[in-house]
Amino acid sequence: MAVGYVLLNVVPGAEHDVYLKLQDLDNVADVTVLFGDYDLIVKLVAEDLSAIANSVVSSIRQIPGILDSKTLAGAEF
């Protein structure tokens, strides 16, 4: 199993709409609203990092209102 986190910046005022759309996507385990440099953080859980990358590129980045994203891949020790 792979875990990834995606930090998102969205158009001001679109936070709630983007939040709701993110919750409906496959592999999304959690969505949290942030205050600071980023607006939202998304926790993704999938079979492998390839599936996480696919979710980011084909689903998350396609949501209207998202301006920028930064993806962080989790690792196991």
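Q: Leaving aside its neighbours within four places in sequence, which residues is Ser 69 in contact with?
A: Those residues are Val 6, Leu 7, Leu 8 and Arg 61, where contact means heavy atoms within 4.5 Å. A word on the source: this is a predicted model, in which local features need pLDDT of at least 70 and side-chain atom pairs count only at pLDDT 80 or more, while totals for chains, interfaces and linings use all residues. Residues are numbered from 1 along each chain as its sequence is written, and side-chain values use heavy atoms, with hydrogens and water left out.

Q: What joins the side chains of Ser 69 and Arg 61?
A: A polar contact of 3.1 Å joins them. The term asks for a pair of N or O atoms within 3.5 Å; within protein, one must be able to donate a hydrogen and the other to accept it, and residues adjacent in sequence count only if both atoms are side-chain atoms.

Q: Why is Ser 69 called buried?
A: Its relative accessible area is 17%, and buried means under 20% (exposed is over 50%, partly exposed in between, with a 1.4 Å probe and protein chains only). Therefore Ser 69 counts as buried.

Q: Is Asn 9 buried or exposed, and how do you know?
A: Asn 9 has 18% relative accessibility, so it counts as buried. Asn 9 sits in strand 1 (residues 2-10), and strands are DSSP runs of E with at least two residues, numbered from the N terminus.

Q: How do you know that strand 2 and strand 3 pair?
A: Pairing needs at least two bridges found by DSSP, and these strands have five, in the antiparallel sense.

Methods
Helices (H or I, at least four residues) and strands (E, at least two) are DSSP runs, numbered from the N terminus.
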